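Subject: Structure handover

Hello,

Below is the structure I said I would pass on.

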Amino acid sequence: MGRKKIVFWVVSISTTLLLGWSGHWGTSAIALPPPEDIPEEILRREIILDARSPVDGKALNPAEYAELQEQLQVSPPPKLNADLRQTIYLIRLRKALLQIFPFLDI
């Protein structure tokens with residue numbers, strides 16, 4: 001019985017070490033970014049003088065860009081049919097119930 005335990009421990013330890021080291025083969029860590037990268041702190045302080053519209057990609061000046069961002073922040077109220085809204089509510093309710101009670105056949 002003692003020999004089987006020793007063999008078991010040798011096999012387990014060697015397997016653990018082999019699997020642990022094999023995960024690190026071929027991987028190299030890069031400690032620093034390349035020197036041509038501009039640090040994020042500097043990029044955050046830059047003033048953007050030319051921008052592109054997120055809607056159609058046209059070039060905008062800063063005033064037009066700020067105005068477009070304000071327009072995009074204000075969203076119109078949803079115009080859904082009452083029946084469609086009820087159906088969406090029931091689908092969400094069904095999904096929640098199936099997460100809690102997966103054995104239900106609904």
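I106 lies in the segment after α4 (82-100). I106 is partly exposed, because its relative accessibility is 44%. On this scale buried means under 20% relative accessible area, exposed means over 50%, and partly exposed is in between (1.4 Å probe, protein chains only).

Before the rest, two points on the source. This is a predicted model, in which local features need pLDDT of at least 70 and side-chain atom pairs count only at pLDDT 80 or more, while totals for chains, interfaces and linings use all residues. Residues are numbered from 1 along each chain as its sequence is written, and side-chain values use heavy atoms, leaving out hydrogens and water.

Overall layout

The protein has 4 helices and 2 strands, and along the sequence they follow the pattern α-α-β-β-α-α. Of its 106 residues, 4% count as buried. The accessible surface is about 10500 Å², and 64% of this belongs to carbon and sulfur atoms. Accessible areas come from the Shrake-Rupley method with a 1.4 Å probe, and for residues only the protein chains shown count as cover.

The nonpolar patch

I106 belongs to a nonpolar surface patch together with Y89, L90, L93, L97, I100, F101, F103 and L104. Together these residues have about 870 Å² of accessible area. A patch is made of residues with over 30% relative accessible area and no salt bridge, joined within 9 Å for like charges and within 5 Å for nonpolar side chains (Val, Leu, Ile, Met, Phe, Trp, Tyr).

Aromatic pairs

There are 2 aromatic pairs. The rule is that rings of Phe, Tyr and Trp (its six-membered ring) pair if their centres lie within 6.5 Å; planes under 30 degrees apart are stacked, over 60 edge-to-face, and the rest tilted. F8 and W9 are edge-to-face, because their planes are at 70° with the ring centres 5.7 Å apart. Both F8 and W9 are exposed. F101 and F103 also make an edge-to-face pair, with 6.1 Å from centre to centre and 70° between the planes. F101 is partly exposed at 36% relative accessibility, whereas F103 is exposed at 65%.

Salt bridges

There are 2 salt bridges, each being a side-chain nitrogen of Lys or Arg within 4 Å of a carboxyl oxygen of Asp or Glu. In one, R44 is joined to E40, with the closest N and O atoms 3.4 Å apart. These residues are 4 apart in helix α2 (residues 40-45), so about one helical turn separates R44 from E40. R44 is exposed at 59% relative accessibility, and E40 is exposed at 53%.

K58 and D56 form a salt bridge at 3.9 Å, N to O. K58 is exposed at 52%, while D56 is partly exposed at 48%.

What does the side chain of S53 make a polar contact with? The partner is the side chain of D56, at 3.1 Å. A polar contact is a pair of N or O atoms within 3.5 Å; within protein, one must be able to donate a hydrogen and the other to accept it, and residues adjacent in sequence count only if both atoms are side-chain atoms. S53 sits in the loop between β1 (51-52) and β2 (59-60), and S53 is buried, because its relative accessibility is 9%.

At the start of α3, a side-chain oxygen of N61 comes within 3.2 Å of the backbone nitrogen of A63.

Regards
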